[in-house]
Amino acid sequence: MTSSKITEAAEQFYFACENGTGWTNCKPYCHPEATFSSEAKTLQEIDSLDHYTEWMAEVHKHMTDISFAVEGFAHDESRDVVLIYGIYRGVITMSETPQPFETDYVYALKFTEGKISHVTKVWQDDFD
């Protein structure tokens with residue numbers, strides 16, 4: 001697969017995932033058994049990409065005013081890895097007092113045969 005096709009697939013996956021559209025809209029860019037990992041406590045039990053994309057869909061049910069921005073994007077062609085640095089913002093509505101939320105994170109998307117086979121989310125969550 002060409003570099004531009006991988007870059008395009010990474011961008012399409014990113015926007016589908018961050019928009020909370022779930023696995024249905026993310027899976028065209030991924031292997032069916034794609035894996036997921038993160039050192040963030042909130043995500044420690046999630047090990048499949050389909051589960052993570054559904055978790056992101058659930059996040060959208062508990063927030064308003066969601067926005068996100070790509071702050072950096074790189075494709076390591078020799079390793080078929082795309083790195084996306086993003087900032088995610090919104091207002092958490094799970095308590096009586098809505099709380100503004102903003103966080104930085106990086107996705108490392110590993111491609112195998114032109115599709116995402118693994119995603120690592122580098123994120124420092126502060127939830128206890």
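Helices (at least four residues) and strands (at least two) are DSSP runs, numbered from the N terminus. By that rule, Ser38 is found in strand β1, which covers residues 30–38. The model described here is a predicted one.

## The whole chain

The protein has three helices and five strands. Along the sequence these elements follow the pattern α-α-β-α-β-β-β-β.

The chain has 128 residues, and for that number a compact globule would have a radius of gyration near 14 Å; the protein has 14 Å, so the two agree. The C-alpha atoms fill a box of roughly 50 × 25 × 25 Å, taken along the principal axes.

Of the 128 residues, 39% count as buried. The protein exposes about 7400 Å², and carbon and sulfur atoms supply 49% of that area. For contacts between residues at least 6 apart in sequence, 54% join residues at least 24 apart.

Is Ser38 buried or exposed? The cut-off for buried is under 20% relative accessible area. Ser38 has 14% relative accessibility, so Ser38 counts as buried.

The side chain of Ser38 takes part in two polar pairings with backbone atoms. A polar atom of this side chain lies 3.1 Å from the backbone nitrogen of Ala40. The side chain of Ser38 also reaches the backbone oxygen of Lys121, at 2.9 Å. Leaving out residues up to four places away in sequence, Ser38 touches Leu43, Gln44 and Lys121.

Thr103 lies in strand β4, residues 99–112. Thr103 is buried, because its relative accessible area is 12% and buried means under 20%. Which side chain makes a polar contact with the side chain of Thr103? The partner is the side chain of Trp123, at 2.7 Å. Trp123 is also one of the residues that Thr103 touches, together with Gly86, Ile87 and Tyr88, when residues up to four places away in sequence are not counted.

Val122 has its place in strand β5, residues 115–122. With residues up to four places away in sequence left out, Val122 touches Tyr105 and Val106. Val122 and Ile46 are 76 residues apart along the chain, and their C-alpha atoms are separated by 14 Å.

## Two residues with positive phi

Most residues other than glycine have a negative phi. Which values of phi do Asp65 and Asp80 have? Asp65 is not a glycine, yet has a positive phi of about 50°. Asp80, also a residue other than glycine, has a positive phi near 55°.

Asp65 has its place in strand β2, residues 63–76. Asp80 is found in the loop between β2 and β3. Asp65 has a relative accessible area of 61% and is exposed, since the cut-off for exposed is over 50%. Asp80 has a relative accessible area of 27% and is partly exposed, because that value falls between the two cut-offs of 20% and 50%.

Glu11 lies in helix α1, residues 3–18. Its relative accessible area is 37%, so Glu11 is partly exposed. Glu11 and Glu102 are 91 residues apart along the chain, with their C-alpha atoms separated by 21 Å.

Lys27 has its place in the loop between α2 (23–26) and β1. Lys27 is partly exposed, with a relative accessible area of 42%. How far are the C-alpha atoms of Lys27 and Asp50 separated? The separation is 7.6 Å, for two residues that are 23 residues apart along the chain.

## Accessibility in one table

| Residue | Relative accessible area | State |
|---|---|---|
| Glu11 | 37% | partly exposed |
| Lys27 | 42% | partly exposed |
| Ser38 | 14% | buried |
| Asp65 | 61% | exposed |
| Asp80 | 27% | partly exposed |
| Thr103 | 12% | buried |

How values were computed
Residues numbered from 1 in each chain as written. Predicted model: local features only at pLDDT ≥ 70, side-chain atom pairs only at ≥ 80, totals over all residues. Heavy atoms only, no water. Rg over C-alpha atoms; globule rule 2.2 N^0.38 Å. Buried < 20%, exposed > 50% of the residue type's maximum accessible area, 1.4 Å probe, protein only. Contact = heavy atoms within 4.5 Å. Areas by Shrake-Rupley, 256 points an atom, 1.4 Å probe, with all protein chains shown as cover. Polar contact = N/O pair within 3.5 Å; in protein donor to acceptor, adjacent residues only side chain to side chain.
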